[in-house]
Amino acid sequence: MSDLAGSGGEAPTPLTTMAQAYLHNRAVVTFRDDELNGAASERAALAQQAMREALAAGGPGLVTRTDAANAVRFDIDGRPVFFVTTGDVGAARGTGTLSAVAHQVQQRLQLAVAEHREMRDPRQWGTGLAYAMAASVVAWGLLWLLRKAHRWLAQTLQGAVKGQQGAWGHWLHQAHTGLSWLGTAMAWGLGLLLFDLWLTFVLRQFAYTRPWGERATAWLLDTASQLFGAIASAMPGLTIALLIFALARMATRAIALYLEKVARGEALLGWLDADTAMPTRRLVNVLVWLFALAMAYPYLPGAHSDAFKGVSVLAGLMLSLGASGVVGQAMSGFSLMYSRSLRVGEYVKIGETEGTVAELGLFATRIHTGLGEEVSLPNTVIFSQPVRNFSRLVQGGRFVLHTAVTIGYSTPWRQVHAMLLEAARRTPGVAQEPPPSVVQTALSDFYVEYKLFAQGNQAAAQRRIEAMSALHANVLDVFNENGVQIMSPHYRSDPPEAQVVRPGEAWAAPHPHEPLKPDARKEGSADRPGVI
């Protein structure tokens, strides 16, 4: 004690490390480094050894203390076990803090000594085991009841919404889904809380594990306090952020309603039409939400923390590195939309792809061909090559039909014109107003190239390829009926016979409408057996 008292008027040395002395998992005292008593870890180890030796002596376990000017000595059955100094409490002499800390240390030491004696009492072990088993049975029963209640609630909600139709039924189904998730979350939360209470109670029944149970309860209460405290402190900023997002939602909804009217032709703007209303809606939505996020960012919980800032920087870096292709596709999509080179429903040819535009998206354009295919073309591909539009210069949802034939110079051109116009007249999908027309597009070495131009009428097939197939079929029929062969040979002389379908062979077998007769082979010609 004389050594400890010798530092009476000196200020305590700076604290560097701390160490706790335990007795059977119970933290009794905390030591700090100082120049007089040495390292905290050494003092804690010596204190633990002294407490074990004092209790091993088999005494009644009486705890006493002796106060001095700047230190307090603790004894067990008259045997000194450790000292607590003013340096251990980080306070100067005369403030009364050392006395208060010494009182707390004495209480913890008495509790640890009592638990040490309890661990050697078989009756206490039996009582604790009985309480633990009873608590386990009760906890299991409560969990079973909680599970049954959750199932009953789910079945009740399912029965309430079953068979409901219409708008009210839709809202009921949505509410059922939300309540089901809420009920499941509450069931899990109550189950976890019940498990924590059971575990804490069981640990507290035994002297060796009682400190763990106390720390578990303290940890749960501290975590809940921090959680609710953080929620309470974040509520004002979160309310402002939610208000900003609600205003952004209202603004985007109002803009969307107006632009939908523009898209339907119910409203007009000088710089906006039906084709660009939806792309403009997307752009405005992106701008409004980016502005709202920038305004609400300072009010978000944790926005000023280093972790939040680091995640924001990482997300921005990843977006800048990986979004170059996406941005290029989006810019090409907007360019196609605002240039009005394509519209949904128009018949176009882009490269080798020909069909009806089904969707003009932000990143790709979908085209339905007449062959049962859907082709998705990236907007960058469309933007980099010519687009042939067969519907832009016609009215009323029509499209252009044109085909070319090459006929030898021996056939009068007026006859070819008449036959092509007759084929167009026979085709149901070809409009007669404006009338079809024929032009000579080339005078080649061995043939003349004729091109037929027409428009599809309202009775035309939805797919241009079907209308073209019908037109080609009628061209073949008309030229065969008039004995004009459709071929452009590089020849030395004309063939002895015209290369046309002979009369009567237009429906040669096998044909689904005129099946081959049983005696057809007997009636066939010598050079074409089996053909009627």
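In this predicted model, the axes of helix 12 (residues 413–426) and helix 13 (residues 464–481) cross at roughly 135 degrees and come within 8 Å. That angle makes helix 12 oblique to helix 13, since an angle would have to be over 145 degrees to count as roughly antiparallel. The crossing of the two helices is right-handed. On the helix 12 side, the contact is made by Val 416, Met 419, Leu 420, Glu 422, Ala 423, Ala 424 and Arg 426. Helix 13 contributes Leu 471, Asn 474, Val 475, Asp 477, Val 478, Phe 479 and Glu 481.

Now to the backbone. Most residues other than glycine have a negative phi, and most peptide bonds are trans. Two places here are worth a look against that background, and the table gathers them.

| Site | Backbone feature | Value | Place |

Next come the charged pairs. How many salt bridges are there? The count comes to ten salt bridges. One of them joins Arg 26 and Glu 115, whose closest N and O atoms are 2.5 Å apart. Arg 26 belongs to strand 2 (residues 26–32) and Glu 115 to helix 4 (residues 97–118), so this pair ties together parts that are 89 residues apart in sequence.

Finally, the surface. Which residues make the nonpolar patch of about 400 Å²? The patch is formed by Val 138, Leu 142, Trp 144 and Leu 145. Leu 145 is part of helix 5, which covers residues 122–161.

Key
Residues are numbered from 1 along each chain as its sequence is written. This is a predicted model: local features need pLDDT of at least 70, side-chain atom pairs count only at pLDDT 80 or more; totals for chains, interfaces and linings use all residues. Side-chain values use heavy atoms; hydrogens and water are left out. Patches are made of residues with over 30% relative accessible area and no salt bridge: like charges are joined within 9 Å, nonpolar side chains (Val, Leu, Ile, Met, Phe, Trp, Tyr) within 5 Å. Accessible areas come from the Shrake-Rupley method with a 1.4 Å probe; for residues, only the protein chains shown count as cover. A salt bridge is a side-chain nitrogen of Lys or Arg within 4 Å of a carboxyl oxygen of Asp or Glu. Helices (H or I, at least four residues) and strands (E, at least two) are DSSP runs, numbered from the N terminus. Axes are lines fitted to C-alpha atoms, for helices over the stretch in contact, and angles run from 0 to 180 degrees between N-to-C directions. Angles under 35 degrees count as roughly parallel, over 145 as roughly antiparallel, 65 to 115 as roughly perpendicular and the rest as oblique. A crossing is left-handed if the near helix is turned anticlockwise from the far one by less than a right angle, and right-handed if clockwise. Contact means heavy atoms within 4.5 Å.
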